[in-house]
Amino acid sequence: MAEQAPTFQYATRAQQDDASALGMWTFLATEVLFFGALLAGYSAYRITHPAEFAEAARHTRIVLGAANTAILLTSSAFMAMAVEMTGAGRRRAAAFCLAITAALGIGFMLIKGWEYSLEYGEQLVPGLDFDVDRYGGIAELFFLFYFFATGVHALHLTIGIAMVGGLAIRSASADPPKAISVRMIGLYWHFVDVVWIFLFPLIYLVGRNA
Amino acid sequence: MSAALKRIWLCWAALLLLLATTTGAAFLPLGRFNPFVALAIAGAKALIVLIVFMELRRSSGLVRAFAAAGFFWLAILLTLTSADYLTRRDTSASWQPEPGAQPGETR
Amino acid sequence: MHGAGTENYLNAETSLRSWLLTTDHKRIALLYFASITFFFFVGGLAAGLIRLQLITPYGGLVGADTYNRLFTMHGIIMVWFFLIPSIPTTLGNFMVPMMIGARDLAFPRLNLTSWYLYIAGGLITLSALLLGGVDTGWTFYEPLSTAYANGYVVLAVLGIFIAGFSSVLTGLNFIVTIHKLRAPGLIWYRLPVFIWSTYATSLILVLATPVLAMTLLMLAAERLLHVGIFDPALGGDPLLFQHMFWFYSHPAVYIMILPSMGVISEIVPCFSRKNLFGYKFVVWCSIAIAAIGFLVWGHHMFVSGQSLYASLVFSFLSYAVAVPSAIKVFNWIATMHKGWIRFDAPMLYAFGFIGLFTVGGLTGLFLAALAVDVHVTDTYFVVAHFHYIMVGGAVMGYFGGLHYWWPKITGRLYPEYWARFTAILTFFGFNLTFFPQFILGTLGMPRRYQVYPPEFQIWHVLSSAGASILAVGYALPIFYLGWSIVRGKRAPADPWRATGLEWLTRSPPPPHNFAAAPEVLRGPYCYDEEGNALPQAAHG
């Protein structure tokens, strides 16, 4: 595959690819702190109101949460495959893996949407019709964090699905994306997975041993 | 190339195994240690994704430092904020009711 | 290959489109320069009205609610739309690639995106202010900002949120550029201190701003959805907002001062004709300030109800963060010792910076002491402290850098005597404005009050008189710098006989800065015994 020339401020393509990687990791560091700020709020309340937090968390659906975690972990495996395939020049295989990755992401969103609708039915949505008398004030705080964290995560996932879907289409076309693009978007996708890896126990696994 | 694929799917199996473990462990009566176990397992999963899928195992020291930086700074935020919440003591005056008291109660 | 003609980045293309869609870091720097100057005067207008109101004890110029909106507008505009972007996006954008021998930043299109995000955020915040503004103070404390404020909180916060992305992307760009685009021979310990300071600033931009973004999002959610994240009635904690807000906003003040310190480190060696004393100390102190600056935010919350033990830890760490700043001050002074001092305008601004920053820094130590802070927190003592650092320090450094690099940026020399007069006038105006505020604070005058007991009036009158002088000092450069663009003498490549790579290019520089990457031979501040400059590289 012919190597593209670097843009004018770079001496070599390798230097430019290194810069892209550093840029993407810097961006991911900002995302760690973005989500992390939410975790700071979460931990403040979990420290000061542990029992009520546990009680509220038991209303989450562990089966759906675990299924979604498995889906995202599998999507990361396919994304990693896609990077390998692209590097080896196997464009159709890469397009296939990218398509599966995006499809699994869509599957996650569908399950999440269904989960949200169930929670809406049980009056667990703060700001809409949360039943404070039934669940308590701390539970409203827990579900606020739940919807905020999973909502912001879902937004990031949607952007990821769009980018990966775009890569899939381009990989199968006559103008395939550069290997560095697939790797960088792969980093983003894996990062969204890492965020969920931490959200899962904090949301779904609290207070289950009662 | 198949070595790379084997590595990916081996890690996938490990990740799902860890998922099953953490989900099961949540139901065990470990008292105060439940959250630590859950977060430790989550940390292990995250490390697998970071090191293998995100290729930190083959990255330069600089990239690894960048990857670690975000988590390190998050640790600062969480540690010092918790320092406040973990060490608050009741500092009410003698004429104020105790926290959680019924109206009309005094010390 | 650029010929020996007079093509430069200004006249290469002149259409509006070539400016609004530019990816040239130098043009983007000028776009930012115009924008932040505009915001500086908007924020300054608010300050002027505040000082007018405070001339008499019972006010009369504006009502209480309007006064609240004025100081809020002043804070928001000055912090987010002037100080935080100021040096990094103007002098930083222009000089960072040039000082490292590069042709542009790592991600030029991202740079342009940053500017558009800044403009979008600025316009949204401006609209909030024009619609009537916000009365919460720039700190947006709960529950006032969520439950009781009767202004356009969400709109203002949205503007700041968007501008935050601009900050993050700028910092990201600088970090990658400094790592990856240095010229051959430019090892880290040969980098100018301005580059190290920009790097330290970028670390803060990248790591602190996202926390602000999430905090503002939660604030907006609470206000819009009427849910109580920080509401005690639901079991929430108002102090949580303050923790999250100040985790960003304290490091933010280091975003504001570190670039200025970097500018001073460029000016002092050049105008002392001597190498910077203790270069390694100075650069590592920049990093230390950025790092330790993340550990002290609780000193804004000593009387808010934070745990005493946490307050003790934050107080101790706040003392620690002063040490690297002090080390830098000593190094600048040691650089001047036995140097050949030239009193050009940039050096006058540097002198002003060093004196005023030292006063501001020392008063910070008073505030770091828990026992003292209990008495002077939320008084004019604090107001004076941070203005000494942000105006006496950061803004003076900005003007110093502006004058120092003006010939390179515009290709013209500014009128030196007007500039020196302005620097001195600004110094006096500044001290007359803000020193009385230290006294007011210790006497007990609270901040954010529009009326006060009559016995404080003399100090307020002095302060307002100083503000009118300061206003002249800030207005004058518009005239003489503007004049210099059309009538100033044409500048040579290196009018100050300085040593950095940026002085190897023509003034103004060609569009891609360097035809070939310069080979760097030595450190950034090499002067011989007679004070002659030894440039970092041969002509590139």
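**Aromatic pairs and contacts between chains**

Me: How many aromatic pairs are there over all chains?
Reply: This is a predicted model, in which local features need pLDDT of at least 70, side-chain atom pairs count only at pLDDT 80 or more, and totals for chains, interfaces and linings use all residues. Side-chain values use heavy atoms, with hydrogens and water left out, residues are numbered from 1 along each chain as its sequence is written, and chains are lettered from A and ligands numbered from 1 in the order in which they are written. Rings of Phe, Tyr and Trp (its six-membered ring) pair if their centres lie within 6.5 Å; planes under 30 degrees apart are stacked, over 60 edge-to-face, and the rest tilted. By this rule, the count over all chains is 67.

Me: Are the rings of F427(C) and F428(C) stacked or edge-to-face?
Reply: Their centres are 6.0 Å apart. Their planes stand at 80°, so the pair is edge-to-face.

Me: Is F438(C) buried or exposed?
Reply: F438(C) forms an edge-to-face pair with F435(C), at 5.8 Å centre to centre and 70° between the planes. Buried means under 20% relative accessible area, exposed over 50%, and partly exposed in between (1.4 Å probe, protein chains only). F435(C), at 43%, is partly exposed. Because its relative accessibility is 6%, F438(C) counts as buried.

Me: Which residue of chain C forms a salt bridge with D18(A)?
Reply: A salt bridge is a side-chain nitrogen of Lys or Arg within 4 Å of a carboxyl oxygen of Asp or Glu. Across the interface of chain A and chain C, the rule finds 1. The closest N and O atoms are 3.4 Å apart, and the partner of D18(A) is K180(C).

Me: Which helix gives the most residues to the side of chain A that touches chain C?
Reply: Helices (H or I, at least four residues) are DSSP runs, numbered from the N terminus. Both α1 (13-48) and α6 (137-171) of chain A supply at least two residues to that side. With 18 residues, the helix that gives the most is α1(A).

Me: With which side chain of chain C does the side chain of R88(B) make a polar contact?
Reply: A polar contact is a pair of N or O atoms within 3.5 Å; within protein, one must be able to donate a hydrogen and the other to accept it, and residues adjacent in sequence count only if both atoms are side-chain atoms. Within chain B, the side chain of R88(B) has such a contact with that of D84(B), at 2.8 Å. In chain C, at 3.1 Å, the partner is D237(C).
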